[in-house]
Every structure is written in C-alpha cells, then in structure tokens.
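Here is a short report on helix packing, voids and backbone geometry. Please have the viewer ready.

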Amino acid sequence: MNRKLSFAVSLSVLLTIPSFAAPPRPSTFSIVAADPESGEVGVAVASRFFAVGSVVPFAKAGVGAVATQSFANTTYGPRGLELLERGVAADEVVRVLTRGDDGREQRQLGVVAANGTAATYTGTKCNAWAGGRSGPNYAVQGNILAGEAVVAGMERAFLDAKGKTLAERLYAAIVAGDAAGGDARGRQSMALLVARAKGGYGGFTDRAIDLRVDDHKDPIVEMGRLLGIGLVNDLWNRGWTAFTEKRFEEARTFQERAATMAEKQPAVLPEVLYDLAVIRLAAGDKDEARKALDRALALNPKLKAQADKDPDLEKMK
C-alpha cells in the first residue's frame, strides 16, 4: 500500500516581457549547511526575485549543498555537487567552478560538503552590500543586502539554534537575516531544501524537506507555516517508509511523533492518524489502532470509504 495521500500541484504562468527588458538577478541571501550527525544537508534562500527556489538551491544527500546567486550560473549547482561527490574540498570546488567562468566577478556562491567543510565566494562586481561568512557546517552569503548585519545575523541564528533540526536551523537563519534588513529591494520568494538518504516519499528520493514560496507579500512568514507541515510530513514519510520495509516498531516511533506534531496542523492530522492506525495495527496494537482510526474518521468522514476497503486494516475488522 502506498501512503494514503498524495498531492500534485501544477502552475503555469505566461509573462509578456518587452524585448528591451533586462533579466532579473537572483540577488538574495542564502545559507548552505550540513548536519553530519543526522546525515542531512540543505539550503535556505530568500529574495526579491520570483521563484528563487528554481535557481539558487542544490543539494544531494551524502554529498553536500550549493547555493548559486547574483547573475547566477546555475551550472554551479550540479557541477559543484559532482565535484563534492568526487571528494573535492569545498574551497577547491569554489576555485574550480569560478576559474573558468568569465562572469565570475558577478557571481556569488556557497558550498558545504556533507562532512561539514564549507566555503563562500563573492565576486568583486556583485552589487553592494555583498559578502559572506563560513565556518564548520555552514556558509552564508548575500548581495544587494541592507548591510553586513544580514549575514552576521544569519550566522549567529544558525549557530544559536544548535540542537534543532537542520530545516529549523536554516529557517532561523533566514528569519534573522530578514530581521536585519534582508534583500534591500524587499521580499518576494523563499525556498528551503533539506536532503537526507531515503528522505523523500516512500524512501525513493533524498528530498526530506522541499518547500517553496514563489510569490508572496511575506514569503518568510508563509514559509514558517509550510515548514510546520513539512516537519510533520518528514516524520510521516519516515514512518511510512519504515512500514513499507516491515520495520514496524521503527515505523511506529516516527508515526507517533508525526501524530503528536500534527495536533497543531489540522490540515494533515486526519490522514496522519489514519496511517498511525495502520502502523499500530501492523505493530500488533489493535486497540490503539482502533482509537487512531476512529479519531481520523471523526475528523474526516470521507476516509471511511477508503478504510472499508483497505487491506492494511483487514485485521481491524
């Protein structure tokens, strides 16, 4: 059985731009980071730029993460990950990517390896304020910023959030950067990407957290709302992947945590409880499975038709 809920969202936008209009620049502030203990790597980025998540962030579990911005050369993303996967150090990745690029003085780049080595690069012709900072497990950078306080605040917030999930730490850095003035032009979009081995739906990909706000008057606040659901979804994915692999006690641990967290996320709570019932039943706890299922159906009666035919609930009958 696949997880009970899937979503597909499609958006098509047609823009007519005069031929003399210059293309926008992904001038922005970002952080790339690694958590060697959890095996996660990720990127968070915000900008006065439409759909910044379609340009800046790249990450691969067990390898590292790259942010490419300011007249972005998007080949830096896949090429940087390829170099990291071959064992090239983060600072050397920056040198390799920029040395053959005639536009390097207008580029900005952040690189972190899965083992925590990191580097940041700002070309001499990036628009002020532009610069970055790096340390073990992170690199922050930005251009057309309100000032250096933006990257300083991001760095401090990331370090102060130690002990939280990588996604939460990345988000905290962006919130702090925005509070310090952020992109001097204003706000429009944000993206947050965290990769972990088998982190995606069904364990088939490494996309543990993959969230975007492409166009919003306050994208950072909206990202906070989405991240609350995304953290539930990550635990849910982990629980369901363990269930499909018949690791029922491990599945239950993740799904119980997802259900607890979902109490504050009513949009997904019924379906999380439904799968909790399935997993509790598989783990041999029929009474608790019944409680979860009854509550799921009370919250969303439309699930009853599915439950009546679900082979994973056969032992409940």
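At what angle do α5 and α6 pack, and how far apart are their axes? The angle is about 160 degrees and the axes are 7 Å apart.

## Basis

This is a predicted model: local features need pLDDT of at least 70, side-chain atom pairs count only at pLDDT 80 or more, and totals for chains, interfaces and linings use all residues. Residues are numbered from 1 along each chain as its sequence is written, and side-chain values use heavy atoms, with hydrogens and water left out.

Helices (H or I, at least four residues) and strands (E, at least two) are DSSP runs, numbered from the N terminus. Axes are lines fitted to C-alpha atoms, for helices over the stretch in contact, and angles run from 0 to 180 degrees between N-to-C directions.

## α5 against α6

Two packed helices are described by the angle between their axes and the distance between the axes. At about 160 degrees, with axes 7 Å apart, α5 is therefore roughly antiparallel to α6. Angles under 35 degrees count as roughly parallel, over 145 as roughly antiparallel, 65 to 115 as roughly perpendicular and the rest as oblique. The crossing of α5 and α6 is left-handed; that is, the near helix is turned anticlockwise from the far one by less than a right angle, while clockwise would be right-handed.

Contact means heavy atoms within 4.5 Å. On the α5 side the contact includes L231, L235, W236, R238, W240 and F243. Among their partners in α6 are F248, F254, R257 and M261. By class, this contact has 13 nonpolar, 2 polar and 3 charged residues. Ala, Val, Leu, Ile, Met, Phe, Trp, Tyr, Cys and Pro count as nonpolar, Asp, Glu, Lys and Arg as charged, and the others, Gly among them, as polar.

## α6 against α7

α6 and α7 pack at about 155 degrees, with their axes 9 Å apart. That makes α6 roughly antiparallel to α7. The crossing is left-handed.

α6 contributes F248, A251, R252, Q255, E256, A258, A259 and A262 to the contact. α7 answers with L269, V272, L273, D275, L276, I279, R280 and A282. The classes are 11 nonpolar, 1 polar and 4 charged.

## α7 against α8

Helix α7 spans residues 269-282 and helix α8 spans residues 286-299. Their axes come within 8 Å and cross at roughly 160 degrees. The two helices are therefore roughly antiparallel to each other. Their crossing is left-handed.

Residues of α7 in this contact include L269, P270, Y274, A277 and L281. In α8 they include K286, E288, L293, R295 and L299. The contact divides into 12 nonpolar, no polar and 4 charged residues.

## Pocket and cavity

On a 1 Å grid over the protein atoms alone, a cavity is a set of points where a 1.4 Å probe fits but cannot get out; a pocket is an open set with protein on both sides within 12 Å along at least five of seven lines; lining residues have an atom within 4 Å of a point. Grid points are joined across faces, edges and corners, and a volume is the space filled by probe spheres set on the points.

The second largest pocket has a volume of about 310 Å³. Its lining has 17 residues, of which E40, T165, D234, R238 and R257 lie nearest the centre. α4 (166-179), α5 (219-244) and α6 (248-262) each give two or more residues. α5 gives the most, with 4. The lining holds 8 nonpolar, 2 polar and 7 charged residues.

The structure holds 1 cavity of 30 Å³ or more. The largest cavity has a volume of about 40 Å³. Its lining includes F29, S47, D178, R187 and I220. β2 (40-47) and α5 each give two or more residues. The classes are 4 nonpolar, 4 polar and 3 charged.

## Backbone exceptions

Most residues other than glycine have a negative phi, and most peptide bonds are trans. S70 has a positive phi of about 60 degrees although it is not a glycine. S70 sits in the loop between β4 (64-69) and α1 (76-85). A cis peptide bond joins A128 and W129, with omega about -10 degrees. W129 lies in the loop between β6 (118-122) and β7 (131-135).
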